[in-house]
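Here's a quick briefing to read with the model open beside you.

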Amino acid sequence: MPISAPAGAIRHTGGCLQPVLLRGRADYIDGGTGELIHRYTTVHEPGGVLPIACKTRRASRCPPCAEVYRADTYQLIHAGLTGGKGIPATVADHPCVFVTLTAPSFGPVHARREKDGRVLACRPRRKDKTCPHGIRLSCLEKHTREDDRLGEPLCPYCYDYAGAVLFNACAPELWRRFTITLRRALARQAGLTGQALAAQLRVSYAKVAEYQRRGVVHFHAIIRLDGPAGPADAPPAWVTVALLTTAIDQAARAVSVTTPAAPGFPARTLVARRQLDIRPVTAHGDVTDTKVAGYVAKYATKAAECTGTLDRRLTAADRLTDLPVREHARRHIAACLRLGKLSQLKELRLAAWAHMLGFRGHFSTKRRVLRHPRLTPRRPRRPSARVRHRRRAATRPRSRHHARPD
């Protein structure tokens, strides 16, 4: 039987709409003497439970907690661009750009197009072409921002749903390869080896994944170049925004991921270089540090639910036809379930991440010092199995057979 939240739970948890209710006790014991110092119990709390905020980042589940998450993300990103919270203000002079990596097209979809403040027709064509299914491949309507058809394919039967979910599943690997290739491209531009570049330069970034209305993820990233010691160390004089821009363009055009072949689905080479937008981050202009931080923080509270899908995992009791989702999202989920049954694609775990339309990566990643170290501490590295085995062997008493002779 579910426990109802007490009247003061929402106030004590900062307005959380789905607080976690804890029941029990905690004993504080002196480690040296074993004496009980203090005992806390929830018996004296209102309703006999202690409400704790859920602290989710999804605005679709709990807007108050998501707003706290958004505000924290904004402060962390803004400090990494302009200084503050332990980061010197000189970091604002380091070369920094805002990059958008957009997924390729998997079929024509309805879109809102604007030019010079005027709304243009969706997909005008001089010749009234039709697809093999007899559906027109043009749209002369001027869609509003609230139009439910935005992101919907002109022909759902021609749309490559398999390619879309495979791209979502491989997007984290594409980003990983991009970061590796970026450092190599910087070294090649500078005429240095990778080891020599690391001694003079450090690449710091913060990345967020955004779902487009068509159900495909693309990445927004803030990429900054620091000296080898981090944000407090200025990069070498030969490091410029132009050098960083050229390296990003080369890296984006070089990376790709090839999916394994499966029965009925040949191997595919997926890329994210069709639409690449690189803009310098400045104190004044169209792409300022404040706008970039706000943009990244806004998408920190969003996920795939903006495409009309679920904000939870699918269960065995869910029926695909009864899910409260858009038809476009339903076809994505069906493609995930269908491809997830193939043994060649088992490692992608498409069925487990069908509610995310195949994407199983982190929505946001931050490398090194483009964050506040005290608020996001690095976890201590756990010793490897080999190191733990050697430590146990060093402390294990020797047997008589292996005792050294006097």
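Let's start with the hairpin of E2 and E3, where six residues sit between the strands and Gly 34 takes a positive phi near 80°. Keep in mind that this is a predicted model.

- Strand E2 covers residues 25-29 and strand E3 covers residues 36-41, and the two pair in the antiparallel sense over five bridges.

**The five-stranded sheet**

- Five strands make up an open sheet, in the order E12-E5-E9-E8-E13, and the pairing is antiparallel.
- At the edges you'll find strand E12 (275-280) and strand E13 (364-366); each has a single partner strand, so one side of each is left without a neighbour in the sheet.
- Going from one strand to the next, the twist averages 15°.
- E5 and E9 run antiparallel and are joined by six bridges.
- Within that pairing, Val 99 stands opposite Ala 221 in E9.
- Helix H6 (residues 289-299) lies across E5, strand E8 (202-211) and E9, and runs at about 50° to E8.

**Salt bridges**

- The structure has 20 salt bridges.
- One of them joins the side chains of Glu 305 and Arg 58, at 3.1 Å from N to O.
- This pair links distant parts of the chain, with the two residues 247 residues apart.
- Glu 305 sits in the loop between H6 and helix H7 (327-340), while Arg 58 is in the loop between strand E4 (50-52) and helix H2 (63-82).

**The largest cavity**

- Two cavities of 30 Å³ or more turn up in the structure, and the largest holds about 50 Å³ of space.
- Its lining is made by Leu 101, Ala 171, Leu 174, Trp 175, Phe 178, Phe 219, Ala 252, Val 255 and Ala 272.
- Sorted by class, that lining of the largest cavity comes out as nine nonpolar, no polar and no charged residues.
- Helix H3 (residues 161-190) supplies the largest share of the lining of the largest cavity, with four residues.

**The second largest cavity**

- This one has a volume of about 40 Å³.
- Around the second largest cavity sit Leu 101, Thr 102, Ala 103, Phe 167, Ala 171, Val 217, His 218, Phe 219 and Ala 272.
- Strand E5 (96-102), H3 and strand E9 (217-226) are the elements that give two or more residues to the lining of the second largest cavity.
- E9 gives the most to this lining, namely three residues.
- By class, the second largest cavity is lined by seven nonpolar, two polar and no charged residues.

**The largest pocket**

- The largest pocket comes in at about 920 Å³.
- Its lining has 26 residues, and those nearest the centre of the pocket are His 110, Ala 111, Arg 112, Gln 212 and Arg 213.
- The elements giving two or more residues to the lining of the largest pocket are E5, strand E6 (113-115), E9, E12 and H6.
- The class count for the lining of the largest pocket is seven nonpolar, ten polar and nine charged residues.

How values were computed: Residues are numbered from 1 along each chain as its sequence is written. This is a predicted model: local features need pLDDT of at least 70, side-chain atom pairs count only at pLDDT 80 or more; totals for chains, interfaces and linings use all residues. Side-chain values use heavy atoms; hydrogens and water are left out. On a 1 Å grid over the protein atoms alone, a cavity is a set of points where a 1.4 Å probe fits but cannot get out, and a pocket is an open set with protein on both sides within 12 Å along at least five of seven lines; lining residues have an atom within 4 Å of a point. Grid points are joined across faces, edges and corners, and a volume is the space filled by probe spheres set on the points. Ala, Val, Leu, Ile, Met, Phe, Trp, Tyr, Cys and Pro count as nonpolar, Asp, Glu, Lys and Arg as charged, and the others, Gly among them, as polar. Two strands pair if DSSP finds at least two bridges between them. Axes are lines fitted to C-alpha atoms, for helices over the stretch in contact, and angles run from 0 to 180 degrees between N-to-C directions. Contact means heavy atoms within 4.5 Å. A salt bridge is a side-chain nitrogen of Lys or Arg within 4 Å of a carboxyl oxygen of Asp or Glu.
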